[in-house]
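These are my notebook entries on a structure that I consulted for the first time. I set down what I looked up, entry by entry.

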Amino acid sequence: MHYRRAFVRHFQGLDAEMAPFISTVDAERINPKLLKDVLPENNSGLPLIPQLIGNKADDFVQMAGALHDLGYNEINWNLGCPHKPIRRKQRGAGLLPHPDRVDAFLDQVCERIPCKVSVKVRLGVADKSELMELIPVLNRYPLNEVVVHPRTAEQMYTGTVDLDAFEEAFQALELPVCYNGDIGSATFFQSLKERFPTIGRFMLGRGLLANPFLCEEIKPALSHFRKCESSIDRIATFHDELLASYEAALHGDQPVLGKMKEFWTYLSTYLSNGRKMFKKLKKTQRLATYKAIVGEHLADAEWMGSEPPEKPWNKQ
Ligand SMILES: Cc1cc2nc3c(=O)[nH]c(=O)nc-3n(C[C@H](O)[C@H](O)[C@H](O)COP(=O)(O)O)c2cc1C
């Protein structure tokens, strides 16, 4: 929520946000802390879609009810998380090879939930035909949207998206589809628009974390924002505000450093001296040193535009 709030104050062009997933729990265990990230008073001002991960319809319905009480009218069900511990419990992408379980879950949930349901899927665990087998099940329910990330779970975040497999899924889905995956430049975005002209929704991920100007580049009507102030100044004020927000909310150097190091994993990509800065930051254990390194490097940095030679996060 800190990131979402700061982002929206400094960059234009997003239409909505999806919150990181919340795990469903038994009704009696819905601790208010679990919902802190999506409390309306913590929101950025943009429409927010909360996301749940789980495989028990009763728990999902309970939590969806609590979210509806907070004012949310759409809940996304995560069927895409590729991490093995999640998959092993048949949650996230672990449910993709089990159309019967998905069917039983949606049957219960869609009947009883007071708001709209959307789902986020991958192509399968290891086998991309799994999504194709799941689609007839999805088509039976009044889902608000199906967000498709055309990678398998085994791929995690590596390799490339499979646009042919996406096309096949898109043609088979009788529901509104949102494309997600590897949108890192206006050029790639345009190529998707040309290949899939009827898709109205695109979800951005790491590309936007690396280049917060991406929506302004994608939407021609927003190009004037790029000219107002230098890109580095905008990055610096965004950074300073986010850092201050974490410092106010977290206790001690380590948690703040953890958040800020994650932030630079992506955002250092387009800085001329980003790689050098990030190497130094990774070793830093003190916030004062962190601030000195960032200040020194941002003073010298240039923003390198939107086609970096490589994406460092893919190498992790
Ligand atoms: C660190 C990290 C955390 C993520 N958390 C979530 C999440 O909570 N819910 C979700 O639907 N996707 C999550 N994703 C996946 C992204 O939403 C997106 O599907 C994925 O990164 C592919 O899109 P991209 O290539 O544009 O980044 C996460 C990805 C990363 C790298």
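**Entry 1. Helix 1.** I began with what covers the buried residues of helix 1, and found that the cover includes strand 1 (17-18) and helix 11. The buried residues in helix 1 are His 2, Arg 4 and Ala 6. I note here that the model is a predicted one.

**Entry 2. The two domains.** I next looked up how the protein is divided, and found domain 1 (2-211) and domain 2 (229-300). The C-alpha centres of domain 1 and domain 2 are 29 Å apart. I then asked how many residues of domain 1 are in contact with domain 2. Nine residues of domain 1 make contact with twelve residues of domain 2. On the side of domain 1 that touches domain 2, helix 1 (2-10) and helix 8 (206-210) each supply at least two residues. Helix 1 gives the largest share of that side, with five residues. By type, the residues on that side of domain 1 are four nonpolar, three polar and two charged.

Entry 3. I traced an open sheet of seven strands, and recorded its order as 2-4-5-6-7-8-9 with parallel pairing. Which strands stand at the edges? They are strand 2 (22-23) and strand 9 (201-203); each has a single partner strand, so one side of each has no neighbour in the sheet.

I then followed the pairing from strand to strand. Strand 5 (residues 74-79) pairs with strand 6 over six bridges, in the parallel sense. Within this pairing I picked out Ile 75, whose bridge partner in strand 6 is Val 117. Strand 6 is joined to strand 7 by five bridges, and the two run parallel. Here I found Lys 120 opposite Val 147 in strand 7. Strand 7 (residues 146-152) and strand 8 (residues 177-180) also run parallel, joined by three bridges. Val 146 has Val 177 as its bridge partner in strand 8.

I also checked how far strand 6 (residues 116-124) is covered. Seven of its nine residues are buried, and strand 6 is thus recorded as mostly covered.

**Entry 4. The ligand shell.** I asked which residues are closest to the ligand. Of the 16 residues that surround the ligand, the closest are Pro 20, Phe 21, Asp 182, Gly 205 and Arg 206. I counted the shell by type as five nonpolar, eight polar and three charged residues.

**Entry 5. Asp 182.** I returned to Asp 182, which is among the residues closest to the ligand. Asp 182 lies in the loop between strand 8 and helix 7 (186-195). Is Asp 182 buried or exposed? It counts as buried, because 22 C-beta neighbours lie inside 10 Å and the cut-off for a buried residue is 20 or more. I also looked up the backbone of Asp 182, and found a phi near 65°, which is positive in a residue other than glycine.

**Entry 6. Gln 90.** Gln 90 is not a glycine, yet its phi is positive, at about 55°. Gln 90 is partly exposed, because 15 other C-beta atoms lie within 10 Å.

**Entry 7. Helix 12.** I tested the length of helix 12 (residues 253-267) against expectation. At 1.5 Å a residue, its 15 residues should span 21 Å, and the end C-alpha atoms are 20 Å apart, which agrees. I listed the buried residues of helix 12 as Leu 257, Met 260, Phe 263, Trp 264, Tyr 266 and Leu 267. These buried residues pack against helix 8, helix 11 (231-249), helix 13 (274-283) and helix 14 (287-300).

**Entry 8. Gly 274.** Gly 274 counts as buried because it has 24 C-beta neighbours inside 10 Å. Leaving aside residues up to four places away in sequence, Gly 274 touches Ser 268 and Thr 269. I also compared Gly 274 with Arg 286: they are twelve residues apart in sequence, and their C-alpha atoms are 19 Å apart in space.

Terms used:
Residues numbered from 1 in each chain as written. Predicted model: local features only at pLDDT ≥ 70, side-chain atom pairs only at ≥ 80, totals over all residues. Domains from an automatic or database assignment. Contact = placed C-beta atoms within 7 Å. Helix = DSSP H or I, 4+ residues; strand = E, 2+ residues; numbered from the N terminus. Nonpolar A, V, L, I, M, F, W, Y, C, P; charged D, E, K, R; others polar. Expected span 1.5 Å × (residues − 1). Buried ≥ 20, exposed ≤ 12 C-beta atoms within 10 Å, placed from the backbone. Near = placed C-beta within 6 Å. Pairing = 2+ DSSP bridges.
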